[in-house]
Each structure stands twice: as C-alpha cells, then as structure tokens.
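These are my notebook entries on one structure. I record what I looked up, topic by topic.

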Amino acid sequence: MSEATIERGLNAFREQMNAPIASFFSSCVNCGMCAEACLFYTETGDPKYTPINKLEPFRRVWEQEYTLWGKLKSLLGMSKPVTDELLEEWEPLVYDACTLCGRCSMVCPVGNDISYMIRRAREGFVAAGYAPEGIKGASRRAITIGSPMGVKYPALAAQIKHIEADTGLTIPVDVEGVDYMALLSSMEIMNFPEYMEALARIFKQAGVTWTISSEAFEATNSGIQIGSSDIARELVNRVVVAADKLKVKYVISPECGHAYTAIRWEGPNLIGRPYNFKVVHILELLDELRASGRLKTEGMEDDRLTFHDPCQIVRKGGVLEPPRNLLNMVASNFVDMQDPREMNWCCGGGGGVSANERAEELRIKVFKRKKSQLDDLNVDTLVTACANCRLIIEEGLEEYRMEIPVVGLTEMIAEHLVDEKSE
Amino acid sequence: MDFLLWVRGPGFDIALVVFLIGILIRLLEVLILGRKPDYSEPRGAELGAGLRTVLTRTLPEQGSFKRSPFTVVGGYVWHIGFFITLFLFVPHIELINATIGLSWPGIASNLIDAVAAVTIVALLAMLFNRLSHPVKQFLSGPEDYLTWLVTFLPMLTGYLAYHRMIDPYPLVLGLHILSVELLMVVFPFTKLMHAFTFIIARWYNGAMAGRRGVQS
C-alpha cells in the first residue's frame with residue numbers, strides 16, 4: 001500500500017462513483033427503514049448504525065462533485081467538506097458496524113443497494129488511511145505471506161500429510177490437467193481440516209479429478225474486506241495464474257462466504273477480463289453431483305437441525321437451492337429459521353468484522369439476533385457453509401452459553417457417503 | 001389581480017422551465033456516469049430481474065412492514081392521496097388539458113376533498129414521526145424538512161382555496177399556485193428527485209442481484 005492521504009481517499013471515492021451509486025444517493029429520502037434490516041441497529045437501538053448513515057462521507061463527495069446544486073453550494077461555501085476527522089469518525093461505522101451482509105439492500109423502498117455502496121466507500125477509507133488495524137494486518141499478511149492468518153504452504157502440507165496418514169485418502173497437489181482446482185480458507189486449513197478430508201472422500205466416490213495448488217490455495221481475500229481493489233486484484237491474480245498453469249476447467253470456492261464473492265463475482269472485474277475457467281461454490285458442485293447421481297449418501301440425521309445461510313453465498317452469491325437440496329439428502333428433521341435464505345440475518349462477523357479486534361464487543365452484542373433466531377427453533381444442531389460464520393457462531397454460542405454444535409455442510413455430506421464404516 | 005395573473009402566467013412558466021430542465025440535468029448527471037462492464041459470468045439475466053424489482057419494491061418486505069408499519073402505511077396514504085388530488089381533481093385535469101392537451105375523467109370533488117383531508121393529516125403525522133422517531137430524527141436535516149414543507153403547502157393551500165377559507169378567493173388561489181411553483185422549483189435540487197430516480201435505483205439493485213441469481 002502506498003502512503004495514504006485524504007487526497008488519495010477522495011480520489012478513490014471518485015473512482016468508485018458510477019450511475020448506480022448516483023441513483024441511490026439521489027433517491028434516499030431518509031425513511032429509516034434500512035435501520036430495521038440491520039442487526040447493528042436492531043440489537044443496539046443506536047441510530048448511528050442506520051445503514052445509509054454509514055455512507056455520509058461518500059454521499060458528500062457525490063453531492064459536492066457530481067450534482068450541479070452541490071457544486072453551487074460548494075462554491076458558495078455552503079457545504080461540509082470531507083476531512084480526515086470525518087473519515088476517522090466514520091471508520092468504525094463503515095468497518096466495525098457493517099458486515100456487507102446486504103440485508104438493507106433487500107428492503108430499501110427506493111431500491112438502494114446500500115451494501116454495494118459501503119463496499120465501494122471502503123475504497124476511499126482505506127486509501128485515506130482509515131481502516132482497522134486488524135484488517136490492515138490481515139491484508140499485509142495475505143500479500144506478503146499468502147494468507148491472512150499467516151498460513152504458509154508447509155502448514156498446509158503438514159495437514160495434508162496428517163489427513164492422508166489418518167484416512168488412507170490421497171489429496172492431490174499441483175496435478176496438471178484435472179477438472180477442478182480446490183481453494184481453501186486459512187480457517188479451514190487450521191481450524192476445520194475436516195473440510196479437506198470431506199472433499200477427498202466425496203471426490204473419490206464421485207470420480208471427480210481435482211487438485212490443490214501449492215502456489216495458490218488460499219481462497220480468502222482481505223482486499224475485498226478492507227476495500228482495496230489493488231490488494232484484492234493481487235490475491236485474485238494468484239489464483240488465476242495457478243488455475244491457468246494447472247489448466248483446470250473449474251476452480252472450487254470453499255465453504256467461505258466472502259471468498260466466493262471475491263473469486264466468483266469481483267475477481268473477473270478486478271483483473272479486467274473473464275476467466276479461462278469457471279468458478280463453482282463447493283455446494284453448487286455437490287448439488288450437481290447429487291442431481292447427476294454421482295453423490296450417493298446413506299442414512300439420515302434425525303436431530304432437529306437448521307441451516308444458517310451465509311450472506312455472501314446465499315443472498316449475495318445466489319447459491320440458494322443447493323444447501324437445502326443437500327440437507328434434504330441427509331437430514332430428516334430440518335427446519336428453517338425465521339427469515340431464511342436471502343433474508344437471513346448475518347452472524348455478525350462478515351465483511352472483515354471478524355478480523356477486526358476492535359469490533360469484538362459490538363459483534364458479540366449483535367449476535368443476539370442470531371441467538372433469538374435460534375432460541376425460537378430449539379434445534380440440536382446448526383449447519384452452515386462458511387468457515388467464518390462457523391467460527392463466529394461458535395464464539396457467540398459460547399458467549400451466550402448455548403450448547404448447539406455447529407457443523408459444516410460439506411462434512412455432514414461426507415459423513416453420509418455410501419460405503420462408509422462410520423455410519 | 002396582478003398577483004394571480006403573475007403566478008398563472010410568467011411565474012408558472014418560469015417554474016415549469018426550471019422543473020423540466022432541472023430534472024433533465026439531474027437524470028443526465030446520474031446516467032452519464034454509467035458503470036464499468038461486468039466480466040463475471042452471469043447466473044441470471046439483468047434486464048428482467050431489474051424490471052421486476054422496479055415493481056416489487058412497491059410492496060414492503062414482510063419483516064420490514066412489521067418493524068416499520070407507520071412509515072409504510074403513512075407513506076402509502078400520503079403518496080396515493082397526493083396523486084389522487086393532483087391528477088383526479090377536475091380543475092387540475094382542465095389545467096393539464098389546456099397546457100398539453102391531455103384529458104381523463106376526474107372524480108367527484110367532495111371525494112377529492114375527503115382524500116385531501118386525509119393526505120394533510122397523514123403528512124402532519126409523517127412530520128411528527130420524523131421529529132420523534134429516533135432514526136428519522138437522527139438522519140433528518142434541513143433538506144428533509146424543506147421537502148416536507150414544499151410538499152405540504154400545495155395540499156394546505158389547495159384545501160384552503162377549495163373551502164374559500166381565505167378572502168379574497170384570487171389571493172388564496174394565487175397562493176395555491178405559487179406553492180405548486182415553489183414545489184416545482186425546489187424539486188430538481190432536492191431529494192424530491194427520488195420520484196424519478198427510484199426507478200433507476202430499483203433497476204440497478206434488481207439487475208445486479210439478478211445477475212447473481214437472486215431476486216432482490
């Protein structure tokens with residue numbers, strides 16, 4: 001990152017300005033309904049957390065530089081400038097109190113896509129030097145080490161060796177010409193290696209040819225979270241280079257929400273061209289295998305269980321049906337939370353909030369939303385499909401002394417594969 | 001009466017020119033910015049999803065309705081009431097007919113009277129709500145109150161004129177027309193523009209979500 005200044009910040013805001021943003025700012029009538037869609041408002045009652053308010057610095061740039069009336073007001077000295085102090089004051093609203101979950105964008109009566117605006121506004125904040133230390137550090141590690149948690153390939157190689165020794169399965173690395181290249185999140189490598197094992201089992205049974213790249217295994221993208229296209233581009237590019245080198249047809253985005261947004265939706269725009277490969281989310285792939293009869297399971301979970309829809313995979317990613325199709329394959333007592341699917345409430349840790357230590361107290365507070373959704377259901381197990389959601393939910397449940405095991409959907413499917421002795 | 005002649009003549013012309021050119025400029029200011037091409041492989045088509053959202057956002061999402069019933073109901077009542085009095089009051093239709101040659105049937109004036117009364121009450125209630133609701137009060141600035149005022153005044157003066165509550169009649173009629181001109185002049189420079197830009201905003205919202213396979 002080059003030196004951050006307010007001028008660079010203002011320039012970044014200008015670079016992000018486009019017709020959608022201008023139409024959104026032009027349309028807001030301060031009705032306040034977005035507040036009621038945001039867990040940071042509903043769980044604190046503090047009006048400063050109203051989603052549209054988080055955009056005040058960006059709005060000023062729009063008004064003062066992109067509207068005739070605003071330009072006139074500026075000439076007459078009637079407008080409030082965007083200063084370092086303003087960005088400093090707003091930084092916690094933009095980074096600690098927004099998970100980019102996009103729920104507000106679903107309810108705005110004039111149609112404002114507020115989370116889209118916040119994602120873009122962060123570009124200005126980070127260019128001006130106003131981003132939380134936690135996410136800055138994660139971004140630095142991602143660029144220099146290759147992973148936001150500082151996981152290097154030897155650590156992954158050790159986990160792979162471990163799994164191979166334990167299970168007798170093979171986890172292919174750097175194999176050229178296979179169909180799929182799987183990405184992982186650091187959290188999956190370090191905290192939930194079961195995911196890798198699940199992939200190996202499922203792909204073996206379904207006859208899927210796949211590999212992991214030793215050069216680009218990390219799926220997470222801190223650049224997307226901090227709002228720096230430069231960092232995000234660099235990280236996406238590593239995956240693109242590795243996938244092209246291994247000549248794969250598909251890249252599999254793991255059970256991680258923002259990784260999917262990064263590689264599936266933002267990636268091609270960051271590098272400025274379409275990919276030579278397709279990106280599939282692991283749940284999409286599993287659902288395809290299910291539909292074509294290549295994924296065979298046996299036995300059913302009879303626990304009462306529910307599914308937490310990760311925002312970036314479901315509401316912002318469009319992977320709507322696969323999770324439920326897969327759950328219905330292995331669970332006989334599945335119940336949806338109130339406000340499921342594209343209206344689900346965020347766990348509170350998305351959009352870089354989980355990497356931001358400063359936000360922890362607030363994050364625990366707003367977890368009450370998920371808690372009350374779960375209290376209503378009285379379930380035995382919570383299933384999800386994002387390593388970050390999973391960790392955040394586990395922490396939240398512990399904080400509120402709720403004993404509900406949290407399981408990754410891919411692992412749950414793997415446990416029910418036909419021919420497994422564990423059943 | 002000179003005042004009435006002015007507001008009906010040059011005053012109205014000035015307001016109309018500012019209104020139309022202002023709106024044109026504002027819409028161009030938005031659209032001219034465009035957006036970059038999206039290279040991600042679409043899961044769904046943008047056009048249809050965008051158009052659908054333009055329509056569906058007219059109804060509130062269920063949970064939002066439960067959490068903001070007053071905003072939703074109040075919003076419907078005064079918007080609908082405002083448009084009924086504006087476009088279905090016979091003298092208004094005659095004015096439009098004389099100006100642009102378009103005409104349609106109106107509704108009985110005593111019914112318009114009742115609708116206007118409800119609209120005025122709803123607008124007052126919305127103002128009270130804006131001043132007292134923690135979120136709205138927090139968000140609101142001078143522009144929010146200005147736009148409320150210029151929307152309210154035509155309703156109020158129209159009501160007063162219809163009931164001849166101010167003497168002489170040409171004065172109150174002149175005030176009514178002047179208040180409409182004020183609304184027209186203020187319109188392009190404020191968030192009243194949402195009356196046009198909401199279509200663009202909803203379309204982009206729906207299109208961008210639709211591309212990802214979600215109907216927003």
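Entry one, a single residue. I found that A:Leu295 counts as buried because it has 22 C-beta neighbours inside 10 Å; buried means 20 or more other C-beta atoms within 10 Å, exposed 12 or fewer, and partly exposed in between, with C-beta atoms placed from the backbone. The model is predicted, so I noted that local features need pLDDT of at least 70 and side-chain atom pairs count only at pLDDT 80 or more, while totals for chains, interfaces and linings use all residues. Residues are numbered from 1 along each chain as its sequence is written, and chains are lettered from A and ligands numbered from 1 in the order in which they are written.

I located A:Leu295 in the loop between α16 (282-291) and β5 (305-308) of chain A; helices (H or I, at least four residues) and strands (E, at least two) are DSSP runs, numbered from the N terminus. Leaving aside neighbours within four places in sequence, A:Leu295 is in contact (C-beta atoms, placed from the backbone, within 7 Å) with A:Ile202, A:Ala206, A:Leu286, A:Leu289 and A:Arg290. I also noted 8.8 Å between the C-alpha atoms of A:Leu295 and A:Val418, which are 123 residues apart along the chain.

Entry two, the chain contact. I read that 49 residues of chain A and 47 residues of chain B take part. On the side of chain B that touches chain A, α2 (10-31), α4 (62-67), α8 (134-139) and α11 (194-211) of chain B each supply at least two residues. Helix α11(B) gives the most, with nine residues.

How values were computed. Contact = placed C-beta atoms within 7 Å.
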